[in-house]
Amino acid sequence: MSSPFDGLTAVGVDGTGYRKGHAYLTVVVDHERHRVIWAHDGVGGDVFDLFFKALTPEQRASIKVVAGDGARWIDSCVGRWCPNAERVLDGFHIVSWMTGALDKVRKRLWNQARRDGDENATKRMRGAKHAVLKNPGDLTDRQSATLDGIRNTDPKGQIYRAWQFKELLRTLLKHPVEQARGELNHWVFRASHSRIPEIVELAKKIRRRRPDILRTIQLGYSNAGSRRPTTGSRPPSAWPTASTTSPTSSP
């Protein structure tokens, strides 16, 4: 049989947890042939180095694209072993940055409402985690009702506005690169001025990795193939505002 390392042009690397997050595995996939070609216990630069050491110089030279999250150990390994390859951010992880920031917003406001004894706010936010983190097309009727109810949960509508930012970022990743370029610039500007601490911090990260994100959009590589597929949906048609009293689109 021919080696699975022959003819590699685009690979993706991802660290995944198992045994309830107590152990980690580094997995490398061949994006062109849609298959796993290498896996090893552990995660980090030392582990990823082992993959490249298993390749011949010719096999390493054939790799033109390496996709993964924003981990610096991926950057350093690619620079060391495949200096001519393009480093591409994985679209799945770009969205996961946003969902992580959104969940931090939810937790902060939930804890604040509990400290203030605001029973109405805590009641409206009950079940909000799944409603705001899932794609709109995947929501149950109950989760859709929960999402509709959190628009005015806090005075500045931070949860709902953060959800809008998540949907706008998720959707622009699917657009042609020239269209996405302007939308991404607009997203960064509005997120930077949102006055939502978690979103402002994320905007700094997105701004730093903007060239990598645009390459991701242009080349279209993602490591989410083995994950649960997401359902596309229409994004909010208006940018988030400090006071959101009605939905900008129907989930």
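## Helix α4 and Arg106

Let's start with arginine 106, which you'll find in helix α4. Keep in mind that this is a predicted model. Arginine 106 has a relative accessibility of 12%, so it counts as buried. Follow the chain from arginine 106 to alanine 128 and you cover 22 residues in sequence, yet their C-alpha atoms are 7.9 Å apart in space.

Helix α4 runs over residues 91–116, and lysine 104 belongs to it too. Is lysine 104 buried or exposed? With a relative accessible area of 54%, lysine 104 is exposed. On the surface, Lys104 gathers with Arg72, Lys205 and Arg208 in a patch of positive charge.

Now look inside. The largest nonpolar core has 37 residues, and Trp187 and Ile206 are the ones with the most contacts within it. Which elements give two or more residues to this core? They are α4, α5 (119–125), α6 (128–133), α8 (158–172), α9 (177–192), α10 (197–208) and α11 (210–219). Helix α4 turns up again here, giving the most to this core with nine residues.

## Salt bridges

Side chains of opposite charge can pair when their charged atoms come close. How many salt bridges does the structure hold? There are 13 salt bridges.

Lysine 107 is partly exposed, with a relative accessible area of 43%, whereas aspartate 103 counts as buried at 11% relative accessibility.

Another salt bridge joins the side chains of aspartate 30 and arginine 33, at 2.5 Å from N to O. Aspartate 30 is buried, with a relative accessible area of 2%, while arginine 33 counts as partly exposed at 37%.

## A bridge within a network

Next, find aspartate 75 and arginine 87, whose side chains meet in a salt bridge of 2.6 Å, N to O. This pair links distant parts of the chain: aspartate 75 is in helix α3 (residues 72–81), arginine 87 is in strand β5 (residues 86–89), and they are twelve residues apart. Aspartate 75 is partly exposed, with a relative accessible area of 28%, but arginine 87 counts as buried at 9% relative accessibility.

Which residues do salt bridges with shared partners join into one network? Asp75 and Arg87 are in it, along with Arg209, Asp212 and Arg215.

## Two loop residues with positive phi

Finally, a look at the backbone. Most residues other than glycine have a negative phi. Histidine 34 has a positive phi, near 55°. You'll spot histidine 34 in the loop between β2 (23–30) and β3 (35–41). Its relative accessibility is 70%, so histidine 34 counts as exposed.

Arginine 195 also has a positive phi, near 65°. Where is arginine 195 placed? Look in the loop between α9 and α10. At 75% relative accessibility, arginine 195 counts as exposed.

Technical notes
Residues are numbered from 1 along each chain as its sequence is written. This is a predicted model: local features need pLDDT of at least 70, side-chain atom pairs count only at pLDDT 80 or more; totals for chains, interfaces and linings use all residues. Side-chain values use heavy atoms; hydrogens and water are left out. Patches are made of residues with over 30% relative accessible area and no salt bridge: like charges are joined within 9 Å, nonpolar side chains (Val, Leu, Ile, Met, Phe, Trp, Tyr) within 5 Å. Accessible areas come from the Shrake-Rupley method with a 1.4 Å probe; for residues, only the protein chains shown count as cover. A salt bridge is a side-chain nitrogen of Lys or Arg within 4 Å of a carboxyl oxygen of Asp or Glu. Lys and Arg count as positive and Asp and Glu as negative; His and the chain ends are not counted. The place of a charge is taken as NZ of Lys, CZ of Arg, CG of Asp or CD of Glu. Helices (H or I, at least four residues) and strands (E, at least two) are DSSP runs, numbered from the N terminus. Buried means under 20% relative accessible area, exposed over 50%, partly exposed in between (1.4 Å probe, protein chains only). A nonpolar core is a set of buried Ala, Val, Leu, Ile, Met, Phe, Trp, Tyr and Cys residues joined through side-chain atoms within 4.5 Å.
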